[in-house]
Amino acid sequence: MLQKMKEQGVQEDKLMLLKGVSGAFRPGVLTALMGVSGAGKTTLMDVLAGRKTSGYIEGSIKVSRYPKKQETFARVSDYCEQNDMHSPHVTVYESLLYSAWLRLSSSVDSKTRKMFIEEVMELVELTPLRKTVCS
């Protein structure tokens, strides 16, 4: 996109995607991030999640008023993009179980993992959909 802009006479070497963005996510509250295509929703979430590794990232991210530590933040949060791939042969519960096995430390036993999944499902109101196949 930057090359196309240069062809139209833009002189800057940096393309500012987000400016003056602030907000808060409350614990225990499902939050929807909405906006028109190209508004920067995915860029914002990629920066917050630590997935954006190229380009220039300036500013501060705070968690509970403290500077975000990526290694800690990655263990307690995630987001699912609308185009994330899911197996059409597994249920919502099985997808979360698989994710938990990938993300949680090997020191977390199976019973604790399952208890954690149940808590998350209840928190984001997925319990009624636990046996729904992710297609």
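The legends below describe close-up views of a predicted model of one protein chain.

**Figure 1. Overall architecture of the predicted chain, with five helices and two strands.** Read along the sequence, the elements follow the order α-α-β-β-α-α-α. The C-alpha trace spans about 60 × 35 × 25 Å along its principal axes, and the radius of gyration of the chain is 18 Å, whereas a compact globule of 135 residues would have a value near 14 Å. Buried residues account for 14% of the 135 residues in the chain.

**Figure 2. The packing of helix α4 against helix α5.** Helix α4, comprising residues 92-103, and helix α5, comprising residues 110-123, pack at an angle of about 125°, and their axes are 10 Å apart. The two helices, α4 and α5, are therefore oblique to each other, and the crossing in which α4 passes α5 is right-handed. On the α4 side the contact is formed by Y93, L96, L97, A100 and W101, while α5 contributes S110, R113, K114, I117, E118 and M121. By residue class, the contact of α4 with α5 consists of seven nonpolar residues, one polar residue and three charged residues.

Figure 3. V92 has its place in helix α4, and with a relative accessible area of 14% it is buried, because buried means under 20% relative accessible area.

**Figure 4. A closer look at T43 within helix α2.** T43 is found in helix α2, where, at 18% relative accessibility, T43 counts as buried. If its neighbours within four places in sequence are left aside, T43 is in contact with L17, L18 and K52.

**Figure 5. D13 and G35, two residues of the loop between α1 and α2.** D13 lies in the loop between α1 and α2, and at 60% relative accessibility D13 counts as exposed. The C-alpha atoms of D13 and Q3 are separated by 9.5 Å, with the two residues 10 positions apart along the chain. G35 is found in the loop between α1, which covers residues 2-7, and α2; at 44% relative accessibility, G35 counts as partly exposed. From G35 to S110 the C-alpha to C-alpha distance is 39 Å in space, and the two residues are 75 residues apart in sequence. S110 is also among the α5 residues that make the contact with α4.

**Figure 6. R65 and E125, two residues with positive phi that are not glycines.** R65 is found in the loop between β1, comprising residues 62-63, and β2, comprising residues 66-67. The phi of R65 is positive, at about 70°, although R65 is not a glycine, and at 78% relative accessibility R65 counts as exposed. E125 is found in the segment after α5, and its phi is likewise positive, at about 60°, although E125 is not a glycine. At 65% relative accessibility, E125 counts as exposed.

Methods: Residues are numbered from 1 along each chain as its sequence is written. This is a predicted model: local features need pLDDT of at least 70, side-chain atom pairs count only at pLDDT 80 or more; totals for chains, interfaces and linings use all residues. Side-chain values use heavy atoms; hydrogens and water are left out. Axes are lines fitted to C-alpha atoms, for helices over the stretch in contact, and angles run from 0 to 180 degrees between N-to-C directions. Helices (H or I, at least four residues) and strands (E, at least two) are DSSP runs, numbered from the N terminus. Angles under 35 degrees count as roughly parallel, over 145 as roughly antiparallel, 65 to 115 as roughly perpendicular and the rest as oblique. A crossing is left-handed if the near helix is turned anticlockwise from the far one by less than a right angle, and right-handed if clockwise. Contact means heavy atoms within 4.5 Å. Ala, Val, Leu, Ile, Met, Phe, Trp, Tyr, Cys and Pro count as nonpolar, Asp, Glu, Lys and Arg as charged, and the others, Gly among them, as polar. The radius of gyration is taken over C-alpha atoms; the globule rule is 2.2 Å times the number of residues to the power 0.38. Buried means under 20% relative accessible area, exposed over 50%, partly exposed in between (1.4 Å probe, protein chains only).
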